[in-house]
Amino acid sequence: MIALLAAPTFIDSLLLRFFSEQTVNYVIWPLIQVGAVVTITALWVAYATYLERKISAFIQARLGPMRVGPWGLLQPIADGLKLLVKEDFIPENADRWIFFVAPYIAVVAAFIVMAVVPFGPDWAVITDLNIGVLFVLAVSSVGVLALILAGWSSNSKYALLGALRSSAQMVSYEVSMGLAIIGALMFARTLSLSGVVGAQASDSIWFFFYQPIGFVIFLISGIAENNRAPFDLPEAESELVAGFHTEYSGFRWSLFFMAEYAAMVVVTAVATTLYLGGWYLSQSLRGPERGCVPLQGGIAPLFILLAALDAAALSLRSVNGSRLEVDAAGGLNQYSCLGDRCHRNSGARRLEWNAHDQINDKRTGPDAERKGDCDCLWFWKPVFNRGDSVFDQLAVARF
Amino acid sequence: MILSGWESVFFWIFSIAAILAGLLTVMARNAVHSALFLISSLVSVAALFILLGAEFIAGVQILVYVGGVMVLFLFVIMLVNVGAEEEGRAPIFNRPAQVTAALVFLALLAGALVIYAIPRGYQAMQKRDEAAIKQANAKRAAAESNLATAATGVSRLTRETERVGTSLYTYASLPFEIASLLLLVAIIGSVMLARTLKQEIAADDVDPEVLSDMSAASSKADES
């Protein structure tokens with residue numbers, strides 16, 4: 001943290017007193033940068049989970065995590081500690097070695113992309129590869145391997161099917177993602193991410209305005225790459241338990257979660273770099289010298305985009321999950337769901353109940369039969385329209 | 001390619017890793033382990049490409065082979081569930097034909113090593129040509145000084161990707177297009193092979209002769 005707050009030139013001169021210029025340039029500075037970026041990304045990952053829980057709670061008129069710290073702000077840390085000390089269970093027939101390694105592949109593949117993302121000019125870039133964009137694509141395609149290996153090594157049908165679904169989705173959306181990236185690259189004429197930012201700075205325009213459709217496609221395929229809300233079919237909890245990480249527990253499971261959220265951060269960071277000008281805001285907002293000002297300017301759109309993506313995913317999920325239904329009796333039902341746990345907001349419950357009973361009384365055939373064993377089964381059916389028996393049992397149990 | 005310092009260290013690490021992983025690919029009993037070792041071999045080769053200054057090829061190697069081809073390999077292995085080979089502990093090494101072929105190639109390789117490679121390498125090690133190394137380093141520095149500086153300020157960006165693209169579309173555009181056509185043909189062919197007769201009839205995509213033959217065959221079967 002001291003490294004972030006102090007002026008880089010000062011640290012540079014301080015370091016040069018103790019080490020040779022080569023060591024400072026190629027070993028010590030990169031280590032400081034990597035440390036800073038990993039810390040920031042990990043913190044953002046932790047608080048993305050907090051934000052998700054909080055915002056989805058607000059959408060559903062709940063409070064969300066409130067117990068640990070003010071407004072539950074320390075909740076992610078408590079979660080991390082809990083997962084760290086939880087039992088780490090390996091299934092008996094699992095391929096132990098691959099089962100052990102898969103989460104690490106996932107986390108490394110997610111975090112390592114941050115190495116080429118430029119956060120600002122000069123010292124705020126860890127490395128500037130001349131194949132930066134290709135590196136991003138290549139590493140994210142390695143992330144698919146982690147899912148497959150995790151699913152296979154668990155020796156469980158659910159995990160295997162989840163892995164197949166996830167990886168098939170990720171591999172297919174990589175194609176559209178690559179094509180969307182080419183849209184921005186045509187204007188940048190370089191594969192280096194710093195070069196892309198530089199091209200936008202010299203044109204004084206974000207590539208978003210040249211390629212709005214490309215940006216939208218990139219964002220959509222980015223959400224699909226991360227198996228997030230509208231594209232979370234691979235982790236369909238109602239049928240596959242949890243997808244590829246069904247058999248994982250404890251810290252290894254949380255590594256998968258970290259990888260998922262870090263991949264979200266990475267996708268938004270790359271989207272910002274390619275389409276929203278990266279750290280470059282506008283000519284007037286740039287600092288007089290290469291230094292701290294553009295760095296802050298650059299992080300802002302990244303976070304705005306992250307927040308927007310999170311909110312979009314959540315609202316899509318809540319559109320998916322919470323429904324306002326006007327039924328035949330004219331009553332208004334509001335249902336809110338998170339994942340597969342849904343509940344009907346209790347406001348008009350009594351009234352609705354009576355209305356449904358009345359309709360039910362008039363019905364004949366299968367619904368009349370069903371009324372005999374349980375009212376609520378009929379009641380839940382139209383909400384889900386899936387006819388999926390596990391869920392029906394759950395709904396009955398909850399009522 | 002004259003390597004010095006850390007570059008040669010990385011060269012040895014990755015080349016030995018590539019060879020070992022290649023060996024383990026062949027020797028692993030479990031098909032998935034085999035695929036994993038193949039992946040590590042491919043990644044090591046990609047690292048060697050980076051040492052050669054061919055970053056684009058390295059990136060494409062990982063993107064296409066590790067991210068695409070090997071993922072499909074793993075898909076197929078998992079779905080087909082190859083279990084027979086790993087269950088039966090049949091010895092792999094003592095079939096006479098295999099052993100003979102391996103020994104012949106081993107002899108050739110050893111001969112080439114002893115007669116040509118080792119004496120030459122030893123000579124070069126005896127009197128290291130400092131002038132050649134200096135020349136190569138100067139040449140590299142001169143080539144680098146024309147390149148744009150990277151954003152970090154301590155390294156330079158090569159233009160290899162641009163060169164690959166230019167030469168691909170200037171000298172090799174026809175083979176490139178032919179290759180893409182070949183892939184298209186392969187895709188269409190696999191779709192055709194995978195389609196069953198029932199699906200073809202449903203899509204009304206069957207030769208009338210085939211259809212009449214079929215109905216004749218089925219009526220014959222009915223009669224008998």
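Biologist: In what order do the elements of chain B run from the N terminus on?
Modeller: This is a predicted model, in which local features need pLDDT of at least 70 and side-chain atom pairs count only at pLDDT 80 or more, while totals for chains, interfaces and linings use all residues. Residues are numbered from 1 along each chain as its sequence is written, and chains are lettered from A and ligands numbered from 1 in the order in which they are written. Helices (H or I, at least four residues) and strands (E, at least two) are DSSP runs numbered from the N terminus, and chain B holds 10 helices and 2 strands. Read from the N terminus, the elements of chain B are α-α-α-α-α-α-β-β-α-α-α-α.

Biologist: Which helix of chain B gives the most to the side that touches chain A?
Modeller: Two residues are in contact if their C-beta atoms, placed from the backbone, lie within 7 Å, and 21 residues of chain B are in contact with 28 residues of chain A. With 12 residues, the element of chain B that gives the most to this side is helix α3 (residues 55-80).

Biologist: What percentage of the residues in chain B is buried?
Modeller: A residue is buried if 20 or more other C-beta atoms, placed from the backbone, lie within 10 Å of its own. In chain A, buried residues make up 40% of the 399 residues, whereas among the 224 residues of chain B the buried share is 13%.

Biologist: How far apart are the C-alpha centres of domain 2 and domain 3 of chain B?
Modeller: The domain bounds, which come from an automatic or database domain assignment, divide chain B into domain 1 (1-90), domain 2 (94-132) and domain 3 (172-224). Between the C-alpha centres of domain 2 of chain B and domain 3 of chain B, the distance is 52 Å.

Terms used: Buried ≥ 20, exposed ≤ 12 C-beta atoms within 10 Å, placed from the backbone.
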